[in-house]
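Welcome, and please open your viewer.

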Amino acid sequence: MKKTCVLALVAVLAIGMVAGPAFGADRDNRFALGGRISYLLLTDYTDKNDPNFETEFGGAALFEIDGAWYVNSMFSMEMGLGYDKVSVDGKDKTTGAKQSVGDITQIPLTLTGRLHYPGESFAPYIGFGCGYYFNNFDLDNALQATLPAGTSQDIDNSFGWHLGVGMDYFFDDNWALNVDYKYVWNETDVKETTAAGTTKDKVEMNGSVIGLGFKYLF
């Protein structure tokens, strides 16, 4: 599924590059507001301290509101604020047994610089940026009931990087449709507190974000 989406996006970008500028685009020093809904798929993570244990992340919808500044037709800056909730399972790689662990809620605040091909209708781009992720973890109730009294788990906020490609399709001077793919590098600490004290484990939350959105230019 992920490979199909990426190939489709590459095909759309190729069409946009071939189409080229139809007439002179004037997007110098313009601002835009919009929204995007994406599919977030994090890469499963194997615990470095226990190679037989794997954390499996479920796919999730990522909802975003975005603001962009088009410096000119070739470069823009975009800031986004999002929300997603990812289910987390634990898997014993030896026995294949799975256990629901809980849910991670993320509120990512991202900043992306985008270099555009200056087309009028089709404007493909490559982008690179960073993000700060406000993370919260809710332990599964059934799992909580099996743990010793007073046991809790928490997750730290994190900082990440992303690299991607996308395309703006402009219907007119103001309205645009956006297709976007990003790969995100993100690592954080998960803390478990028991009567014996607190332990930490680093968890990678790298993954792909494939989205569709719209924007209005002022």
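Begin with a cartoon view: the protein has two helices and twelve strands. Both kinds of element are DSSP runs numbered from the N terminus, helices being H or I with at least four residues and strands E with at least two. Trace the chain from the N terminus and the order is α-β-β-β-β-β-β-β-α-β-β-β-β-β.

A word on what you are looking at: this is a predicted model, in which local features need pLDDT of at least 70 and side-chain atom pairs count only at pLDDT 80 or more, while totals for chains, interfaces and linings use all residues. Residues are numbered from 1 along each chain as its sequence is written, and side-chain values use heavy atoms, with hydrogens and water left out.

**The whole chain**

The protein exposes about 11,400 Å², with 64% of that supplied by carbon and sulfur atoms; accessible areas come from the Shrake-Rupley method with a 1.4 Å probe, and for residues only the protein chains shown count as cover. Of the 218 residues, 40% count as buried (buried is under 20% relative accessible area, exposed over 50%, partly exposed in between, with a 1.4 Å probe and protein chains only). Among contacts with a separation of 6 or more, 69% are between residues 24 or more positions apart; a contact means heavy atoms within 4.5 Å.

**Stop 1: a negative patch**

Select D26, D28, D172 and D173, which gather in a patch of negative charge on the surface. Such patches are made of residues with over 30% relative accessible area and no salt bridge, like charges being joined within 9 Å. Asp and Glu count as negative and Lys and Arg as positive, while His and the chain ends are not counted. The place of a charge is taken as CG of Asp, CD of Glu, NZ of Lys or CZ of Arg. Zoom in on D26, in the loop between helix 1 (2–19) and strand 1 (30–42); D26 is exposed, with a relative accessible area of 57%.

**Stop 2: D66**

Is D66, your next selection, buried or exposed? D66 is buried, because its relative accessible area is 8%. Look for D66 in strand 4 (residues 60–70). Leaving out residues up to four places away in sequence, D66 touches A32, L33, G34, G35, R36, E78, M79 and G80.

**Stop 3: salt bridges**

Side chains of opposite charge can pair when their charged atoms come close. A salt bridge here is a side-chain nitrogen of Lys or Arg within 4 Å of a carboxyl oxygen of Asp or Glu, and the count comes to twelve.

Show E64 and R36, whose closest N and O atoms are 3.5 Å apart in a salt bridge. E64 is in strand 4 and R36 in strand 1, so the pair ties together parts 28 residues apart in sequence. Both E64 and R36 are buried.

Next, pick E56 and K98, a salt bridge at 3.1 Å, N to O. This pair links E56 in strand 3 (residues 53–57) with K98 in strand 6 (residues 98–116), 42 residues apart. E56 counts as buried at 13% relative accessibility, whereas K98 counts as exposed at 55%.

Then show K215 and E78, which meet in a salt bridge at 3.8 Å, N to O. K215 lies in strand 12 (residues 207–217) and E78 in strand 5 (residues 75–92), 137 residues apart. K215 and E78 are both buried.

Technical notes. Patch = residues over 30% accessible without salt bridge, like charges linked within 9 Å, V, L, I, M, F, W, Y side chains within 5 Å.
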